[in-house]
Amino acid sequence: MKKLKLTKKWDKVFPKSEKVNHEKITFHNRYGILLVADLYIPKNALGKLPAIAVCGPFGAVKEQSSGLYAQTLAERGFLTIAFDPSFTGESGGEPRYVASPDINTEDFCAAVDYLSCRNDVDKEKIGIIGICGWGGMAINAAAIDTRIKVTIASTMYDMTRVNAKGYFDSTDSEEARYEIKKALNAQRIQDYKNGYYELGGGVIDPLPSDAPFYVKDYYDYYKTPRGYHKRSLNSNGGWNKTSALSFINMPILAYSNEIKSAVMLIHGEKAHSCYFSKDVFKQLKGDNKELVIIPNAVHTDLYDRTDIIPFDKIENFFSTYMNKE
């Protein structure tokens, strides 16, 4: 595996907690990609702890929202990791800035591999959190990985649905998909000739005055001191353009109705993306599933608004279902 150069300084967009110990760790997935994570452990912790792996949002890095979730839950007694998915941030994988519904689901399962092998983790009490596009990946991982006791998806996107059908399924037609695929396959040829993969661009900057609200919402997080990070794809150059191909062709969540473990979906009432969580929740079965709608909240409120993110509910849900057989 290629040796990675890890940042030693604290470069998160949130302040460091004095209640937890922090260090960088690495683990590999079954495709041989080395992933980098921030490990958070409650100070003075004893024995085997319940553990949580966190990832997302889609196009973010662990120094942003996922790290905030991980550190906050470590303050509440969990051993947590926030990881950069394959091909992004400090994690390995070539080419850079590519996404995959398969490999990115595997990233969660690989995190469970790592946590299960730690001597300070209770391997019967492992959960995951996916934020935004990684909310869909987390639910997809729960459908295949029976070791995951609890899954929480916050402000969830189904990236395969939005790539194949557009927002609110507004371009859901064979003809529309064909035109997208034509353009992306033409881009493949151009990339091959150039010897590099052209990026699609992150969040638009400067922000047009007539930009849709959800674009303004993303800008307010990724392009301002609130959430900007130099390694974040959305804050900078974005994903490579052809990443969308596999998402169009391989939908996730096909077996979400077979998930037996506990699942909580959290979404803002006024988020443009709220329909993703509502529709997935309809597919889930069992009395260990919960949909939490946060009044008046928009999509990125659940990235970092600690006054809005329902950490009490999250902690209680993990604690309740991690302790059930």
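This is a predicted model: local features need pLDDT of at least 70, side-chain atom pairs count only at pLDDT 80 or more; totals for chains, interfaces and linings use all residues.
Trainee: In what order do the strands of the open sheet run?
Mentor: The eight strands are ordered E1-E2-E4-E3-E5-E6-E7-E8, with mixed pairing. Strands (E, at least two residues) and helices (H or I, at least four) are DSSP runs numbered from the N terminus; two strands pair if DSSP finds at least two bridges between them.

Trainee: Which strands stand at the edges?
Mentor: Strands E1 (20–28) and E8 (289–294) do; each has a single partner strand, so one side of each is left without a neighbour in the sheet.

Trainee: How many bridges join E7 to E8?
Mentor: Six, and the two strands run parallel. Leu 265 has Leu 291 in E8 as its bridge partner.

Trainee: Which helix packs on the sheet?
Mentor: Helix H1 (residues 65–75) does, and the strands it touches include E4 (79–83). Contact means heavy atoms within 4.5 Å.

Trainee: Changing topic, what lines the largest cavity?
Mentor: Its lining has nine nonpolar, four polar and one charged residues. Here Ala, Val, Leu, Ile, Met, Phe, Trp, Tyr, Cys and Pro count as nonpolar, Asp, Glu, Lys and Arg as charged, and the others, Gly among them, as polar.

Technical notes. Residues are numbered from 1 along each chain as its sequence is written. Side-chain values use heavy atoms; hydrogens and water are left out. Axes are lines fitted to C-alpha atoms, for helices over the stretch in contact, and angles run from 0 to 180 degrees between N-to-C directions.
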